[in-house]
Amino acid sequence: MTERPDGHELVPISQLLSYRLSRTSAALSRSAALRYRREFDVSLGEWRAIALIAADPTLTLNRLARRAGLDKAQMSRVVAKLVERGLVNRTAASGRTSRLALTEDGLTVYRGLIVAANERDASFLGLLTSTEAEILERALDKLADAALVVEQEERERDTKP
């Protein structure tokens with residue numbers, strides 16, 4: 001088979017959209033991780049946890065893990081480190097859950113991190129014209145929506161006998 005279902009020729013992995021997006025995302029994440037470790041002594045996972053908690057102080061560990069795209073065990077280790085460092089507090093909530101909130105030190109770190117993240121974002125977006133940036137934003141939204149639909153379809157296929 002030398003053609004895709006849409007009639008176009010098959011392309012190597014290096015030209016597949018998902019592969020290119022993954023490599024770009026990984027490079028962006030690696031450079032962010034290096035900067036955030038150097039300037040704020042936090043890992044990329046810790047940065048994401050801090051930022052997500054700052055955005056929603058009612059988060060539980062389970063919801064935080066889902067939003068960060070990590071499994072609960074990974075996020076539990078991240079949160080434990082942040083609690084140990086005095087950046088996050090856990091307070092009892094209903095059942096066996098606890099709510100997560102940034103401490104004053106956590107808020108201070110968050111403010112520095114969000115400034116750095118916005119600087120990085122502006123730097124990368126600054127490489128694009130305003131039209132390219134608008135098209136990229138619309139395209140990413142469209143791809144994200146489609147990816148969620150395809151993910152759900154794949155989950156449904158996995159549950160069918």
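A residue counts as partly exposed when its relative accessible area falls between the buried limit, under 20%, and the exposed limit, over 50%. Asp 41 has 43%, so Asp 41 is partly exposed. The model is predicted.

Start with the salt bridges of Asp 41. One joins Asp 41 to Arg 85, at 4.0 Å from N to O. This pair links distant parts of the chain, 44 residues apart. Arg 85 sits in the loop between helix H4 (72-84) and E1, and Asp 41 in the loop between H1 and helix H2 (44-55). Arg 85 is partly exposed because its relative accessible area is 36%. Asp 41 also forms a salt bridge with Arg 37, with the closest N and O atoms 3.5 Å apart. Arg 37, at 42%, is partly exposed too.

Now move to Glu 39 and Arg 35. Their closest N and O atoms are 3.0 Å apart, in another salt bridge. The two are 4 residues apart in helix H1 (residues 17-40), so about one helical turn separates them. Glu 39 is partly exposed at 39%, whereas Arg 35 is buried at 18%. The structure holds 10 salt bridges.

Next come the strands. E1 (residues 88-92) pairs with E2 in the antiparallel sense, over 5 bridges. Thr 91 stands opposite Arg 99 in E2. In a regular strand, side chains alternate between the two faces of the sheet. In E2 (residues 98-102), Ser 98, Leu 100 and Leu 102 make up the covered face. Arg 99 and Ala 101 make up the uncovered one.

End at helix H6 (residues 130-159), where Glu 137 lies. Glu 137 is exposed, because its relative accessibility is 54%. On the surface, Glu 137 gathers with Glu 134, Asp 141 and Asp 145 in a patch of negative charge.

Key
Residues are numbered from 1 along each chain as its sequence is written. This is a predicted model: local features need pLDDT of at least 70, side-chain atom pairs count only at pLDDT 80 or more; totals for chains, interfaces and linings use all residues. Side-chain values use heavy atoms; hydrogens and water are left out. Patches are made of residues with over 30% relative accessible area and no salt bridge: like charges are joined within 9 Å, nonpolar side chains (Val, Leu, Ile, Met, Phe, Trp, Tyr) within 5 Å. Accessible areas come from the Shrake-Rupley method with a 1.4 Å probe; for residues, only the protein chains shown count as cover. A salt bridge is a side-chain nitrogen of Lys or Arg within 4 Å of a carboxyl oxygen of Asp or Glu. Lys and Arg count as positive and Asp and Glu as negative; His and the chain ends are not counted. The place of a charge is taken as NZ of Lys, CZ of Arg, CG of Asp or CD of Glu. Buried means under 20% relative accessible area, exposed over 50%, partly exposed in between (1.4 Å probe, protein chains only). Two strands pair if DSSP finds at least two bridges between them.
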